[in-house]
Amino acid sequence: MSGPLLCEGRVVIVTGAGRGLGRAHALAYAAEGARIVVNDLGVGLDGTPGPDSPAARVVAEIRAAGGQAVAHGGDIATTEGAASLVRTALETYGRLDTLVNNAGFLRDRMLVNLDEDDWDAVLRVHLKGHFLPLKHAAAHWRAEAKDGRTPRARVVNTSSGAGLLGSVGQGNYSAAKAGIIGLTLVAAAELGRYGVQVNAIAPAARTRMTERAFADTMAAPGADSFDAMAPENVSPLVVWLGASASTGVTGRVFETEGGRITVMEGWRPGPTADKGARWTPSEAGDTALKLLAQAEVPGAVYGAR
């Protein structure tokens with residue numbers, strides 16, 4: 001006999017869940033017994049509105065498999081859209097246990113060609129689109145904790161290798177994804193007292209965004225080979241991080257692709273020199289070069305390898 005479902009009874013919001021990673025996460029949570037709020041604005045790769053409703057299609061998939069799900073088509077990078085997202089969970093299912101922030105799109109340009117509008121649009125959907133749902137979900141969980149009903153709440157944010165190492169031609173996207181890591185660390189520190197754990201993933205998978213930017217590495221293999229870039233490979237870790245089974249894990253960033261999971265260790269002090277007084281510019285430069293010679297070589301910038 002199979003064991004109990006990992007997320008039985010939990011209510012999970014997944015943003016950007018109409019396609020790609022978000023869809024895979026929503027289906028995986030539903031398969032583990034969760035009730036899902038499927039958020040998707042139904043926009044194109046550049047963030048402009050599309051003609052169909054991918055959220056409704058994912059809801060239909062979940063229901064056809066015997067699960068429970070409801071669609072939400074609001075813009076979660078607005079205060080009202082994020083507030084209505086949380087309200088949808090509470091009004092439909094009476095509770096909220098997990099928030100998976102996943103929505104995003106690309107407007108790739110080299111920095112000298114990157115328009116201000118393209119910068120603002122990408123920062124808005126990725127970074128603001130993480131902050132606002134997190135803010136409204138956290139306000140609910142704080143109220144629950146103050147009323148003596150401390151939740152076992154979970155937030156899974158979506159960063160990227162571009163946020164960890166940078167990515168040529170993706171200055172806006174890399175900055176947004178790096179910001180999500182900072183937001184994750186602060187939220188984990190602030191919200192732990194209310195029973196909320198906050199972690200982030202940096203996934204690599206085949207989606208509408210990556211299959212164009214990295215066409216060669218994202219191509220599907222032959223029928224008999226393991227598809228390392230399938231988005232479904234990322235979802236098991238996301239489901240576990242969103243379940244009560246992950247108790248004690250917070251403020252961490254995981255890189256994940258295919259069958260690989262890596263705990264990222266982030267910025268930490270390396271070689272150090274202390275003169276005990278002010279350096280001259282020449283002394284500071286000579287010292288910096290000596291320290292760099294002792295330091296680990298940083299990871300390659302994406303797109304420059």
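These legends describe close-up views of a predicted model.

**View 1. An open sheet of eight strands.** The strand order is S3-S2-S1-S4-S5-S6-S7-S8, and the pairing is mixed. Strand S3 (68-72) stands at one edge and strand S8 (260-264) at another. Each has a single partner strand, so one side of each lacks a neighbour in the sheet. From one strand to the next, the twist averages 20°.

**View 2. The pairing of S1 with S4.** Strands of a sheet pair through backbone hydrogen bonds, either parallel or antiparallel. Here strand S1 (residues 11-14) and strand S4 (residues 98-100) run parallel. Three bridges join S1 to S4. Val12 stands opposite Thr98 in S4.

**View 3. Helix H3 across S1, S2 and S3.** Helix H3 spans residues 79-93. The strands it lies across include S2 (35-39). Helix H3 runs at about 155° to S3. S3 is also an edge strand of the sheet.

**View 4. Helix H4 across S4, S5 and S6.** Helix H4 covers residues 116-146. Strand S5 comprises residues 153-158, and strand S6 comprises residues 196-203. Helix H4 runs at about 175° to S5.

**View 5. A nonpolar patch on the surface.** Met110, Val112 and Val168 form this patch. Together they have about 310 Å² of accessible area. Met110 lies in the loop between S4 and H4. Is Met110 buried, partly exposed or exposed? Its relative accessible area is 45%, so Met110 counts as partly exposed; the partly exposed class falls between under 20% for buried and over 50% for exposed.

Notes: Residues are numbered from 1 along each chain as its sequence is written. This is a predicted model: local features need pLDDT of at least 70, side-chain atom pairs count only at pLDDT 80 or more; totals for chains, interfaces and linings use all residues. Side-chain values use heavy atoms; hydrogens and water are left out. Two strands pair if DSSP finds at least two bridges between them. Helices (H or I, at least four residues) and strands (E, at least two) are DSSP runs, numbered from the N terminus. Axes are lines fitted to C-alpha atoms, for helices over the stretch in contact, and angles run from 0 to 180 degrees between N-to-C directions. Contact means heavy atoms within 4.5 Å. Patches are made of residues with over 30% relative accessible area and no salt bridge: like charges are joined within 9 Å, nonpolar side chains (Val, Leu, Ile, Met, Phe, Trp, Tyr) within 5 Å. Accessible areas come from the Shrake-Rupley method with a 1.4 Å probe; for residues, only the protein chains shown count as cover. A salt bridge is a side-chain nitrogen of Lys or Arg within 4 Å of a carboxyl oxygen of Asp or Glu. Buried means under 20% relative accessible area, exposed over 50%, partly exposed in between (1.4 Å probe, protein chains only).
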